[in-house]
Amino acid sequence: MKVLVKLGGTLLDAPEARDALARQIAEARAGGAEVVVVHGGGKQMTRYLAERGIESRFVNGLRVTTPETLDAVLKVFAGSVNHELVASINRAGAQAVGLSGIDAFLAEAEQMDPALGAVGRVTKSNPALLSLLTAHRYVPVVACVAGDRQGRVYNVNADQMAVACATAFGARQLIFLTDVEGVLDHSRQVRPILTAAESERLIADGVATGGMLAKLNAAVAALRGGVEQVRIAPGMAAGVLSRVLAGEAIGTRMVLTEGRAA
């Protein structure tokens with residue numbers, strides 16, 4: 001089974017949490033799953049910039065990416081965060097390969113808005129490299145950086161990168177491991193199952209905002225792009241990845257329609 005796991009940067013900030021997730025990824029690979037990992041690193045990026053006296057500015061949740069910030073994106077997302085995660089997965093017994101969307105045109109992008117600087121929108125994903133690596137039992141670990149055919153580099157939202165890679169790769173499941181318990185409804189309770197239409201209702205009603213709004217939009221795009229189900233689950237829960245893959249009801253399971261929610 002093809003699975004794409006998206007890890008939020010918060011989960012990767014502490015070595016213990018990173019190693020625990022790496023062990024689960026290695027176990028899933030050993031169990032026969034073809035696993036691709038996409039990761040963020042916003043917390044690490046903000047800290048890196050602050051240490052250098054650079055203020056982080058956001059517009060609608062997207063980091064304004066100046067040339068100075070883009071240099072940091074490459075150093076942090078595609079550098080330290082990516083390589084630390086690769087090392088952790090290797091230590092856990094799998095063979096991980098660190099990548100970004102720039103490699104082999106894995107993710108091509110265009111500028112989203114000149115006001116945001118080098119923030120990109122993924123326009124095309126080429127799964128050939130992911131398929132080649134997973135077929136030979138490697139675990140691709142993809143940083144949320146993309147490029148274009150003219151050699152320009154873009155900072156890309158990690159959730160959007162995960163969706164682009166999952167749909168192109170033909171993942172059966174897209175699993176967002178986050179720092180929340182799942183998707184909350186109008187009563188502030190975690191919804192165990194959520195359809196695309198129900199997700200859009202939560203957005204329209206203002207229940208889902210900020211990071212969760214972005215995740216729901218990404219999840220709906222993935223479902224409409226052919227991914228069978230999307231899971232939004234607490235990354236710090238013990239054995240969370242194994243439990244999700246085993247079908248346990250943890251977090252929120254998202255499906256396209258009610259007919260597929262059984």
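A salt bridge is counted where a side-chain nitrogen of Lys or Arg lies within 4 Å of a carboxyl oxygen of Asp or Glu. The model is predicted, and the structure holds 15 salt bridges.

**Salt bridges**

- Arg224 is exposed, with a relative accessible area of 52%, whereas Glu200 is partly exposed at 35%.
- Another salt bridge brings together the side chains of Arg121 and Glu110, at 3.3 Å from N to O.
- Arg121 belongs to strand S7 (residues 119-125) and Glu110 to strand S6 (residues 107-111), so this pair ties together parts that are 11 residues apart in sequence.
- Arg121 has a relative accessible area of 34% and is partly exposed; Glu110, with 38%, is also partly exposed.
- Arg243 and Glu248 form a salt bridge as well, their closest N and O atoms being 2.9 Å apart.
- Arg243 is partly exposed, its relative accessible area being 26%, and Glu248 is partly exposed with 34%.

**Packing of H2 and H3**

- Helix H2 (residues 42-51) packs with helix H3 (residues 67-91) at an angle of about 130°, and their axes are 10 Å apart.
- H2 and H3 are therefore oblique to each other, and their crossing is right-handed.
- On the H2 side, the contact is made by Gly42, Gln44, Met45, Tyr48 and Leu49.
- H3 contributes Thr69, Ala72, Val73, Lys75, Val76, Phe77 and Val81 to the contact.
- The residues in the contact of H2 with H3 comprise eight nonpolar, three polar and one charged.

**Packing of H5 and H7**

- Helix H5 (residues 158-169) and H7 pack at an angle of about 10°, with their axes 9 Å apart.
- This angle makes H5 roughly parallel to H7.
- Asp159, Val163 and Thr167 of H5 meet Ala214, Lys215, Ala218, Ala221 and Ala222 of H7 in this contact.
- By class, the contact of H5 with H7 divides into five nonpolar, one polar and two charged residues.

**Packing of H6 and H7**

- The axes of H6 and H7 come within 10 Å and cross at roughly 155°.
- Angles over 145 degrees count as roughly antiparallel, and H6 and H7 are therefore roughly antiparallel to each other.
- H6 passes H7 in a left-handed crossing.
- H6 takes part in the contact through Ala196, Ser199, Glu200, Leu202 and Ile203, and H7 through Leu213, Leu216, Asn217, Val220 and Arg224.
- Six nonpolar, two polar and two charged residues make up the contact of H6 with H7.

**Residue Ile203**

- Ile203 lies in helix H6 and is partly exposed, with a relative accessible area of 22%.
- Apart from its neighbours within four places in sequence, Ile203 is in contact with Ala208, Leu213, Leu216 and Asn217.
- Ile203 and Val142 are 61 residues apart in sequence, and their C-alpha atoms are 28 Å apart in space.

**Residue Ser100**

- Ser100 lies in strand S5 (residues 95-100).
- Ser100 counts as buried because its relative accessibility is 7%, and buried means under 20%.
- When neighbours within four places in sequence are left aside, Ser100 is in contact with Leu106, Val142, Ala143 and Val145.

Conventions
Residues numbered from 1 in each chain as written. Predicted model: local features only at pLDDT ≥ 70, side-chain atom pairs only at ≥ 80, totals over all residues. Heavy atoms only, no water. Helix = DSSP H or I, 4+ residues; strand = E, 2+ residues; numbered from the N terminus. Buried < 20%, exposed > 50% of the residue type's maximum accessible area, 1.4 Å probe, protein only. Contact = heavy atoms within 4.5 Å. Axes fitted to C-alpha atoms, helices over the stretch in contact; angles between N-to-C directions. Parallel < 35°, antiparallel > 145°, perpendicular 65-115°, else oblique. Left-handed = near helix turned anticlockwise from the far one by under 90°. Nonpolar A, V, L, I, M, F, W, Y, C, P; charged D, E, K, R; others polar.
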